[in-house]
Amino acid sequence: MRTPSSPPPPGPLLNVVGVSKSLGGKLLLDRVSLSLNRGELKVLIGPSGGGKSTLLQCIHFLLAPDEGDVFLDGVSAREMGKKNIRSFRQEIGMIFQDFNLFDHLSAQNNVAIALRRVKKIPKKEALERARLELRRVGLSGKEELYPAQLSGGQKQRVSIARALAMDPKIMLLDEPTSALDPELIGEVLNVIQDLSEGGMTMLMVTHQVGFASHLTEEILFMENGRITESGPPALLLGEASRSRTYEFCSKFMEISGRDPAAARPSSK
Amino acid sequence: MPMGTFDFYANVLIPALNHGLWISVKIIVPSSLLGIAIGILVGAGRALGNAWLTRVLNAYVALFRGTPLVVQLMMWFYGLPSLSLWLEKNFGPGAAPVADLFRLSPYAASVIAFAMCSGAYQSEYIRGALLSIKRGQFLAALSLGFTKSQAFWSVTLPVALRRALPGCGNEIVYLIKYSSLAMLVTMNELTGETKAIASLYFRHLECYLLTALYYLALVTLATVFLRRLEKALSVPGERID
Ligand SMILES: Nc1ncnc2c1ncn2[C@@H]1O[C@H](COP(=O)(O)OP(=O)(O)O)[C@@H](O)[C@H]1O
Ligand SMILES: [Mg+2]
């Protein structure tokens, strides 16, 4: 691996090249390629069952792709082999729809445990770092609370703090607000917006099209295991585009009574 | 030999029961700890192992849950030595070191029998708890860079053990009671002592009543201890059912 002092290589930070994956005899990902530059946020949308979660897991090599490869900062995940894949994973933060916090640990220990077990940081330092990360997501004072004592929005913010503590180069967010009550979505989106504005590279699966379209340069539309459309939100979400993306987004925007292009990220 | 009631209690029955109690404790504590250890390993293997391992472990559980404990105990103590004889007959004196392994002392036979049987039951609770934990927490740990075994030991297992604890505690309470079977392989534990005194002095009612109280005290003590443990390990905000 590169030493931290050497300059970052040119080219995209994340490069996904021709990733395919079958499970149970079904082709879930069909030669998917995408790339993200440093500091970029891209949004992945599409109908449920389209393979979005599978794609994020393959990028993380939590699921090994059958074909294709993932490059982070020019480093091939495949070439790292089974043994070193963990150091590859550490550099990618993953946020799950249903938080997946460790039920038996307090908020602070949820953040600290990976620092201790994976990065071998001494307990005191790890707890201090955890406290700082919790503050960053607006959870000062909640350190001692357990997942069962937190609201959905707070849980998701703990999980973001947990990922940030590992100093990831990029974050993958899989429908981070889908499991939340409507009134709690804003607090999580605010944190994500702050991160993006702070220069974090992110790939985010979401149905918050309005929110996303204000932060992203590019929307990727995924269906049946393929990225079928991509482009800037203004283009894809314009009625005139006649895109599948527009058709898909307008369908569930009707339900929530909003127009895809109109919704804005919540102001603070 | 006429004997006053007080004398009988103070000088015969209670000392004998106390001695028996001590032997019982020496059987119960190691077999319940061993049972838990077997339960964790077998339960984890059944919940997470490959098809082949799962099949072998399921067979173990089916065998030990599906046969009477008395029969198992007799097998360990009286059955296995026949195997030693057979080994020595067929493989000569060279087989003696192996053959000797199968001649268990009454104490060893009791502890092994109880631990193996208890382990089979404990594995059911552990397995159920492991399966009830959503894969998500394990996945989250892997995504942070944990190895699979780190994720198992520091995430999945601590959550699972808390969930399994009430069931495992019950099994320990059963074990306290079925430890009385050890008298069948000549152990002078609580029940064995009682039986000897009761038939010698022909005072069955008093003897067995007092023994029952001893067991009741043991079970109560274990129950209180397990409750405390559950409470100490409980996670704030989660329901305790
Ligand atoms: N382990 C698996 N075995 C077989 N099929 C799976 C497995 N995991 C997911 N799938 C299927 O893969 C498809 C894509 O799922 P997913 O990636 O979760 O889509 P999305 O996140 O876009 O809703 C779904 O049809 C799902 O049923
Ligand atoms: Mg999904």
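Which side chains of chain B and chain A meet in a salt bridge? B:Arg163 and A:Asp103 do, with N to O at 3.8 Å. A salt bridge here is a side-chain nitrogen of Lys or Arg within 4 Å of a carboxyl oxygen of Asp or Glu.

The model is predicted: local features need pLDDT of at least 70 and side-chain atom pairs count only at pLDDT 80 or more, while totals for chains, interfaces and linings use all residues. Residues are numbered from 1 along each chain as its sequence is written, chains are lettered from A and ligands numbered from 1 in the order in which they are written, and side-chain values use heavy atoms, with hydrogens and water left out.

Between chain B and chain A, the salt bridge count is 1. Helix H6 (135-143) and helix H7 (148-178) of chain B are the elements that give two or more residues to the side touching chain A. Helices (H or I, at least four residues) and strands (E, at least two) are DSSP runs, numbered from the N terminus. In total, 22 residues of chain B contact 25 residues of chain A (heavy atoms within 4.5 Å). The buried area is about 2,000 Å², with 66% from carbon and sulfur atoms. This area is the accessible area (1.4 Å probe) that two parts lose on being put together, summed over both.

Strand E3 (residues 41-45) of chain A is largely enclosed by the rest of the structure, because 5 of its 5 residues are buried. Buried means under 20% relative accessible area, exposed over 50%, and partly exposed in between (1.4 Å probe, protein chains only). A:Leu41, A:Val43 and A:Ile45 cover one face of E3(A), and A:Lys42 and A:Leu44 lie on the other. E3(A) pairs with strand E8 (residues 201-205) of chain A in the parallel sense over 4 bridges; pairing requires at least two DSSP bridges between two strands. A:Val43 has A:Met204 as its bridge partner in E8(A). Strand E9 (residues 218-223) of chain A also runs parallel to E3(A), joined by 4 bridges. There, A:Leu220 stands opposite A:Leu44.

Over all chains, the whole structure holds 20 salt bridges. One of them joins A:Asp73 and A:Arg38 at 3.1 Å, N to O. These two residues are 35 residues apart and lie in separate loops of chain A. A:Asp73 is buried at 7% relative accessible area, whereas A:Arg38 is partly exposed at 41%.

In chain B, B:Glu124 and B:Arg46 meet at 2.7 Å, N to O. This pair links helix H5 (residues 106-132) to helix H1 (residues 5-48), 78 residues apart. B:Arg46 is buried at 10% relative accessibility.
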